[in-house]
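Here is a short walk through one protein chain, meant for someone seeing it for the first time. Have a look at the picture, then read on.

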Amino acid sequence: MKKLLFIFNPRSGTGKIRSALVDVVDVFTKAGYETTIYPTQAPEDGKRRILENGETYDRIVVSGGDGMLHELVNAVVQLPQAVAVGYLPSGTVNDFAATHSLPRDPVKASEVAVSDHILSLDVGRFNDSWFSYVAAFGLFTQVSYQTNQKLKNKLGSLAYFLEALQSIDYRHFEQACRKMEITADGADFSGEFIFGAVTNSTSIGGFRKLICDGVQFDDGRLEGLFVKKPSGVRELEQMQRGLVRSDFSAACLLRFSAREFSVRSEEMAWTLDGENGGRHSDVRISAVQKTLHIALPRKSIKEHI
């Protein structure tokens, strides 16, 4: 009998997965899997559990928010052999699930998770860590892991926006700027930046407007969006309109695709998949092609072929 490891965060989102647990395991059993269930007890617990003996399973499925998926990615890339995985989104925003059309209903998502519809996606390497969909710095990036969970549950994506408004003192706008040297596939960009994101996604923080259409998730490339400090009120307004409308023609908005990025600056905080990524002054980011072997809806797979 095939073996499946099911790891879930019982505190993620509204805790919906707990009430659906029996039905979810029933789906796994009917698909021919003997299931080991593990509720996480602390941050990084899921990652630890996978690293211990994840290679002994035929499939690993996790349930939680983007942070739980982040733990999965950082564990499976280190396993001695590739293991197919599945994901049951139960967080508040779930950018990865939105990008790949994963069902929010736990039972429907579990049916996808044990299906044979496997797609091999790129993951991002960030120095010695990995991310599934975004590495970012600057304004708003700390909001996702500082926002109170009860506020997330009540307001969803709006919670991030409300917290972001409170996190910025507009009287000290220039303090958010960082002098940086950014290299993307050999092309150099220097200046003062207030935000940057390197992604393999169509959604960031629940907002789809920040990323243009046409993103390929297995082409060995990542998309970079960098926002320079506006030179004045007019450029600030152009920046705001551009981000809302996915119009990156403003001089302060830089968007391009690359296989490798490097970012040098004074030490600053980064977020990886909405989780605290630590403080860094020298960052290397690259696409690791077709590394995450994940079960996705047939609709999503057709869109990526």
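Let's begin at a turn. Strands E5 and E6 form a hairpin with two residues between them, and Asn 127 in that turn has a positive phi of about 50°. Helices (H or I, at least four residues) and strands (E, at least two) are DSSP runs, numbered from the N terminus. This is a predicted model, where local features need pLDDT of at least 70 and side-chain atom pairs count only at pLDDT 80 or more, while totals for chains, interfaces and linings use all residues. Residues are numbered from 1 along each chain as its sequence is written, and side-chain values use heavy atoms, with hydrogens and water left out.

**Strands and their partners**

Two strands count as paired if DSSP finds at least two bridges between them. E5 is antiparallel to E6 (residues 129-131), with three bridges joining them, and Gly 124 sits opposite Phe 131 there. E5 also pairs with E13, again in the antiparallel sense, over eight bridges; in that pairing Arg 125 faces Ser 286.

Another strand to follow is E9 (residues 187-199), which pairs with E7 (residues 134-138). E8 and E9 make a hairpin too, with two residues between them, and Asp 185 in the turn has a positive phi of about 50°. Here are the pairings of E9:

| Partner of E9 | Sense | Bridges |
|---|---|---|
| E7 (residues 134-138) | antiparallel | five bridges |
| E8 (residues 178-184) | antiparallel | seven bridges |
| E10 (residues 222-228) | antiparallel | six bridges |

**Helix H3 and what lies around it**

Which residues of helix H3 (residues 45-53) are buried? They are Asp 45, Gly 46, Arg 49 and Ile 50, where buried means under 20% relative accessible area, exposed over 50%, and partly exposed in between (1.4 Å probe, protein chains only). Seen down the axis of H3, these buried residues fall within an arc of 135°, so they line one face of the helix. (The arc is that of the directions from the helix axis to the C-beta atoms.) They pack against strands E1 (2-8), E2 (33-39) and E3 (59-64), and against helix H4 (66-76).

In the loop between E2 and H3 you'll find Thr 40. Thr 40 is buried, with a relative accessible area of 4%.

**The cores**

A nonpolar core is a set of buried Ala, Val, Leu, Ile, Met, Phe, Trp, Tyr and Cys residues joined through side-chain atoms within 4.5 Å. The largest one has 30 residues, and Ile 50, Ile 60, Phe 96 and Leu 292 touch the most other members. Among the elements giving two or more residues to this core are E1, E3, H5 (95-99) and E13 (275-295), but H4 gives the most, with six residues. Apart from this core lies another, of 22 residues, including Phe 126, Met 180, Phe 261 and Leu 272.

**The whole chain**

Stepping back, the chain has 11 helices and 13 strands, and 51% of its 305 residues count as buried.

Technical notes: Contact means heavy atoms within 4.5 Å.
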